[in-house]
Amino acid sequence: MGFATQAKAETGALRFAPQEAWTLHGEQFRHRGEPSGGWVQNFTSTVETLPDDQWRIWSGISVPETGFKNIGFHEGRVGGEWRFLSAVCSAGEADRNAELAIGGIPEGAHPVQVVTIRLQNGLTRLYFWAHGEGLVRYLAADSTDESAKRFQVVNAATPCLYHPGDRAVGGAAAAAAGLNRYASRVAKPGAGEPLAPADLISNDATNVYQLADGSFEMYSVALAEVGEDDPRYAPQDNLKGFLRVIDRYTSPDGLNWGNRQRIMSPDSNDPMDQQFYYLSVTYTDKGRVGLLGSYRLDSQTIDLEPCFSSDGITWERPHRQPWIPRQKPGDGLASYMLHAPHNLVQRDGRWWLFYTGGNFSHNNIDSHGPPNRAVLAASCNSLWG
């Protein structure tokens, strides 16, 4: 069945624009300078418009094998020069002399995968995963001034989400979350920290959005366990025995989360090696357009697949093919994995997508040249065919 026919069958009058509708603007920037050997990404991160055709792309830098990670943003024009501003992070109060500062980050932790939300009350909130020794949790930091230059973490001890590897996750909660392989885990929470509840144990890629009524919704990758006799076990994966699926949560304030629902899992129409690595959402007058991370374990590739929902709960996947093509090996850094930003952005009548491309396999066994990442851009006149 062709793409257009599938779309009409599943979404009524709605049809996504074909892959050929996108104009590819190529690589915009990669990490250069200090720290040396770093990789850039704008995975889950917000893109904002600035005057004079400029953009602000919230992003992060990591240096493999060193543990160094930090967030900030790049500013520039498509096809032009880009400047990176790195956040000054501290465990105490946010540095008042820094151009961009985040205070209250747990000692020794590093932020990754930043989401930026301009709240309806006029202030700004950052969400990010904090990685440190024994610490992998999803935190929120609120701006302490209207300039949105200084942020203070507001929930270090009671985060939005916990990774199974976080020190506050115990075996009983892990088992209750369906992660029986972690059932013997002994929690070692920090002083004053509660144990992680089962319904807040997630995995990694997370996106948060404020809705028109002021409430919030969050999409995060969860893990579903399978046995060694299951054909989906996938010993070549770094999480063998687990399927990556998408859960949705809601919150009245963006800090206290509940109503967890499983909204996206591979089905009988998917290949056996299909998993879902992320879901980013764009709100349009026709409904929510999703960029679903289509992770194929056999090839160790990740692609951007379009999907659609009218309510954020029931999602339709009429395409089940990449919306943006990966580059051919040797033609650029977007040859193995594509990672989506927080959302698409409409500007001057066109839809813009800034995304991260990597030239190495997810399990880091293969690469097309020295492993690296870059941020690329694509645009189209309409999301619909």
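Modeller: One cut-off first: a residue is buried when its relative accessible area is under 20%. Keep in mind that the model is predicted.

Start with the largest pocket. It holds about 900 Å³ of space. Its lining counts 35 residues, and those nearest the centre are Gln113, His131, Asp204, Tyr277 and Arg373. Strands E2 (39-41), E4 (54-63), E5 (68-76), E9 (110-118), E10 (124-132) and E22 (337-339) each give two or more residues to this lining. E4 gives the most, with four residues. By class, the lining of the largest pocket splits into 16 nonpolar, 14 polar and five charged residues.

Now the second largest pocket. Its volume is about 340 Å³. Here 17 residues form the lining, with Ile117, Tyr209, Gln210, His342 and Asn343 nearest the centre. Two or more residues come from each of E9, E14 (206-210), E18 (274-284) and E23 (345-347). The lining of the second largest pocket has eight nonpolar, seven polar and two charged residues.

Tyr209, one of the residues nearest the centre of the second largest pocket, stands opposite Glu217 of E15. Five residues separate E14 and E15, and the pair forms a hairpin. In its turn, Gly214 has a positive phi of about 95°.

Follow the chain past E15. Ala234 sits in the loop between E15 and E16 (242-251). Its phi is positive, about 55°, although it is not a glycine. Is Ala234 buried or exposed? Its relative accessible area is 11%, so Ala234 is buried.

Asp53 lies in the loop between E3 (47-50) and E4. Its phi is near 60°, again positive in a residue other than glycine. Pro35 belongs to the loop between E1 (23-29) and E2. The peptide bond joining Glu34 and Pro35 is cis, with omega about -5°.

Note on methods: Residues numbered from 1 in each chain as written. Predicted model: local features only at pLDDT ≥ 70, side-chain atom pairs only at ≥ 80, totals over all residues. Heavy atoms only, no water. 1 Å grid on protein atoms, 1.4 Å probe; cavity = no way out; pocket = protein on both sides within 12 Å on 5 of 7 lines; lining within 4 Å. Points joined across faces, edges and corners; volume = space filled by probe spheres on them. Nonpolar A, V, L, I, M, F, W, Y, C, P; charged D, E, K, R; others polar. Pairing = 2+ DSSP bridges. Buried < 20%, exposed > 50% of the residue type's maximum accessible area, 1.4 Å probe, protein only.
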